[in-house]
Amino acid sequence: MLEVRDVTKRFGGLVALNNVSLSVSKGELLGLIGPNGSGKTTLFNVITGFYKPDGGRVLFKGVDITGMRPHKITRLGIGRTFQIPKPFGRMTVLENVMTAAFYGGNASGSEAREIAERWIEYVKLREKAHQEARTLNVVERKLMELARALSTNPELLLLDELVAGLNPSETMEVANLVRRLVDEFGITVIMVEHVMRAVMTISDRVFVLHRGMKLAEGTPEEISRDPKVIEAYLGEQVRL
């Protein structure tokens, strides 16, 4: 479904991504991990058109989307969340999600409301639907961010540290929601995360970035005991 081919991105003298290649198949959940500054969010920004790469190509369902404008990429079927949710604070949860469905998913007014209500129900925010977004707590903001991304009708969903800041119980609850998106709705997911329990539990495959380059790739079991990954990032073997 997605192919990243030899992508390089520089910021002045800093090489944020150095000849990175990865592929994701339809219906797969790929965990993308690595130390802070390893290039994970930069890779998301290249895929979604926020950054134009200095080299390489990005293909989605065989179409070259390299450097395409973000709104066009969204309408092709790639949705994303951001590390720090920035909702329209004085709009309700429903209005926030409807806005994403309308502008990102190209839905009509009535369709946008129906889509928004469906995903608000899915992320268990129905009781908060008519509250202003600024009143939400951390986990509720994360869930609304997920609902907004889903309302754009993505075939591929990029999740950037969705469970950051959540307690262990909340973390696994949200992680299980993400796993259901793959298993029940057939949405392909790439998940950037530092919470190893979450990413190793729900991922089909894990890709490791380090200093802008691929360090390793494999199943959660393989990555959890890879000496290179343990030394560069994990610190110790992750128990699955």
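# Getting to know this predicted model

The protein carries 32 positive and 29 negative side chains, and the centres of the two sets lie 5 Å apart. In that count Lys and Arg are positive and Asp and Glu negative, with His and the chain ends not counted; the place of a charge is NZ of Lys, CZ of Arg, CG of Asp or CD of Glu.

This is a predicted model, where local features need pLDDT of at least 70, side-chain atom pairs count only at pLDDT 80 or more, and totals for chains, interfaces and linings use all residues. Residues are numbered from 1 along each chain as its sequence is written, and side-chain values use heavy atoms, leaving out hydrogens and water.

User: How many helices and strands does the protein have?

Analyst: Helices (H or I, at least four residues) and strands (E, at least two) are DSSP runs, numbered from the N terminus. Counted that way, the protein has nine helices and 10 strands.

User: What is the radius of gyration of the protein?

Analyst: The radius is taken over C-alpha atoms, and the globule rule is 2.2 Å times the number of residues to the power 0.38. For 240 residues the rule gives 18 Å, and the protein comes close to that, so it is as compact as a globular protein of that length. The C-alpha trace spans about 50 × 40 × 35 Å along its principal axes. The radius of gyration is 17 Å.

User: What percentage of the residues in the protein is buried?

Analyst: Buried means under 20% relative accessible area, exposed over 50%, and partly exposed in between (1.4 Å probe, protein chains only). Of the 240 residues, the buried share is 51%.

User: Which residue of strand 2 is the bridge partner of Val4?

Analyst: Two strands pair if DSSP finds at least two bridges between them. Strand 1 (residues 2-11) and strand 2 (residues 14-24) have seven bridges and pair in the antiparallel sense. Their hairpin has two residues between the strands, and Gly12 there takes a positive phi near 65 degrees. The partner of Val4 in strand 2 is Leu22.

User: How many residues of strand 3 are buried?

Analyst: Strand 3 covers residues 29-33. On one side Leu29, Gly31 and Ile33 are buried, and on the other Leu30 and Leu32 are buried too.

User: Which residue in strand 9 does Ile33 stand opposite?

Analyst: Strand 3 runs parallel to strand 8 (residues 188-192), with four bridges, and Leu30 stands opposite Ile190 there. Four bridges also join strand 3 to strand 9 (residues 205-210), again in parallel. In strand 9, the residue opposite Ile33 is Val208.

User: Is Arg148 buried or exposed?

Analyst: Arg148 lies in helix 5 (residues 138-150). Beyond its neighbours within four places in sequence, Arg148 is in contact (heavy atoms within 4.5 Å) with Lys86, Pro87, Phe88, Asn96, Val97 and Ala100. Because its relative accessible area is 13%, Arg148 is buried.

User: What is the relative accessible area of Ser108?

Analyst: Ser108 is found in the loop between helix 3 (93-103) and helix 4 (109-122). Ser108 and Val229 are 121 residues apart in sequence and 47 Å apart in space, C-alpha to C-alpha. Ser108 is partly exposed, and its relative accessible area is 31%.
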